[in-house]
Amino acid sequence: MASHYEAPIREPLVTGEKSYHDVTVDVAAPVEGRANKQWWIVFSIALVAFLWGLGCIIYTVSTGIGVWGLNKTVGWAWDITNFVWWVGIGHAGTLISAVLLLFRQKWRMAVNRSAEAMTIFSVVQAGLFPIIHMGRPWLAYWVLPIPNQFGSLWVNFNSPLLWDVFAISTYLSVSLVFWWTGLLPDFAMLRDRAVKPFQKKIYSLLSFGWSGRAKDWQRFEEVSLVLAGLATPLVLSVHTIVSFDFATSVIPGWHSTIYPPYFVAGAIFSGFAMVLTLLIIMRKVSNLEAYITRGHIEYMNKVILLTGGIVSVAYITEFFIAWYSGSNYEDYTYLSIGAATGPYWWAFWALIICNFIVPQTLWIKKLRRNYMWSFIVSIVINIGMWFERFDIIVINLSKGHLPSSWTMFSPTFVDVGIFLGTIGFFFVLFLLYARTFPVIAQAEVKTILKSSGERYKRLREDGNSLVGTGADSRTSDIVGTTKENLDQDTKNNS
Amino acid sequence: MRVFVKIAIVLGVVTLVASCQNTSSRNYQYMPNMYESVGYETYQETSAFRNGKEGQLPVEGTIARGHMPYEYPNTLDGYNLAKANLQNPLPFDAYRNADSTVTEDYLKKGEDLFDIYCAVCHGTKGNGKGILVDREKILGVPSYDDAGRAITEGSVYHVIRYGLNAMGSYANQLNEEERWQVTEYVMTLKHDLENK
């Protein structure tokens, strides 16, 4: 009997007859191989979208914000909608790598690398908007409390927009450090496998001379845990601060104490949806089906179901409070009867259908274990969460306290172009990442291979010893219960 | 050691960039958004007017609110008329009400203005011995107690308004009230000189 106990009820996290070497080979394959035609096609599309967006940004900054569809009543629309949307998407990455680490969720190991990459890349997209929506972005450095020649004129620390600056910049830097620390052993693996001198040089630089000694690993684990402990409150506070942009205002529909947790739940909701969208594709194109399994998809769908439920409760609360408050001004907020039947009814119902109704189908086990349906739901959620931010911002602004200031908003091609540009930029970064970075934390997956790998679970259940099973005839001379020997045994027995 | 070399390089570059400033011309500006005035500023050059100046002359004969035209002409007749008839429009008598604070303030302002605009030639005592006379830059500044001139309130005001002989008009420097303040102060100086 194996000394290790793992509940038989648990699904294997690595399917197939994977050995340590197989993990290495599978993870390294996309990096060591050449990009295929489809990659170049998708990359080109993303690049074109990015360049188009860049053109729109340059046009906006050089011509003025007036090229957007904003007006005097609706001063924030697509810019901040997209900002909050992208920040929200970024939150799943840190949640997967930090919160799930604290909860010792082993299934995160196959998805955390890509989720963190998604975090970094989407925070980069989000970070564009606070700059480009400024009227004078070249003075953006004034938001920093730097001693200066204006009698050391400082910023007012009372504005949530300033807290945003600190929140987003801290979030990006901590996420980047967390991500990169985790990458060190994997870069070292690529470095050690590289045969081309150029690749070897690059991965030597990226891996910071990682040599995988016991002391290194011990500290690595401690650092990961500490960073996870720091990143968790960061995740919660960053989107809280983003929600303060609205919650601390006096706009009906914005001034709401439910926003901080509700925005964070929405962020995790949309972030997980984006992770699903990306990983369902990635597991196919990068041949990682053995690592990102149906079980992983189901786990993520469960998180989506949970956070979607929290968001739904928040919707109901908002809707109820809009009525219960007895405040006339609350009649036209984004979650009120007025919004459901008003000029933005389509945005209201898009929100309700995409975030409230469609994700509820995931209660059905068959659907949440279905790749195609998960993929569709994940896209629907991303659309819905975009509408949630749009509704919060635009519907509430369009009908404020004074009827004489009521107006509508319609975006211009520049608004849309910049949004498309950030999507393009995101995919440019993500596609480049998928070709050059180890997309699965192989060092981590190797730690769960023997406890949660399908092959090892079966061996244990059959009552076989795991001694020597880590050996691979391709990499070592040790003869033990290797895959080949097992195959031999099976043949002999039958 | 290497760190110090790097710091030195950075500081060197900063110094090099900073040395691009030329003190004999305007310095470089970063994004001068509202540095240049859109509206017309007093004294600025402009192509909007034919003579290239922002300050344009008002139409002859117009009277601005709060101002009255001076009715004595700039001629010898005008001078004599003013000398005989012109009086401070305020009921003002420096000699009788010398202890009134209003009078004191009035005369104090007159003194300050006199020291700024007049004393350089006429001297702070009005005796025609200003600093320019001392240094022999100009000659022939009479004293206020010159019996041959026998200046009066009206003649002093008239001369400040128009100028006389070598003296130019001070109507540009002093407004009507200030001219009267200086005039009253001149009369006290004359009084002091005569009673010495």
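Throughout these legends, contact means that heavy atoms lie within 4.5 Å. The structure is a predicted model, in which local features need pLDDT of at least 70 and side-chain atom pairs count only at pLDDT 80 or more, whereas totals for chains, interfaces and linings use all residues. Residues are numbered from 1 along each chain as its sequence is written, chains are lettered from A and ligands numbered from 1 in the order in which they are written, and side-chain values use heavy atoms, with hydrogens and water left out.

View 1. A:Ser224 counts as buried because its relative accessibility is 12%, where buried means under 20% relative accessible area, exposed over 50% and partly exposed in between, with a 1.4 Å probe and protein chains only. When neighbours within four places in sequence are set aside, A:Ser224 is in contact with A:Leu101 and A:Phe178.

**View 2. Helix 16 of chain A and the residue A:Gly463.** Helix 16 runs over residues 454–461, and its buried residues include A:Arg455, A:Tyr456, A:Lys457, A:Leu459 and A:Arg460. After this helix comes A:Gly463, with a positive phi near 80 degrees.

**View 3. The fold of chain A, with 17 helices and zero strands.** The radius of gyration of chain A, 25 Å, is close to the 23 Å that the globule rule gives for 494 residues, so chain A is as compact as a globular protein of that length; the radius is taken over C-alpha atoms, and the rule is 2.2 Å times the number of residues to the power 0.38. Along its principal axes the C-alpha trace spans about 85 × 55 × 40 Å, and 52% of the 494 residues are buried. Among contacts in chain A with a separation of 6 or more, 78% join residues 24 or more positions apart.

Definitions and conventions
Helix = DSSP H or I, 4+ residues; strand = E, 2+ residues; numbered from the N terminus.
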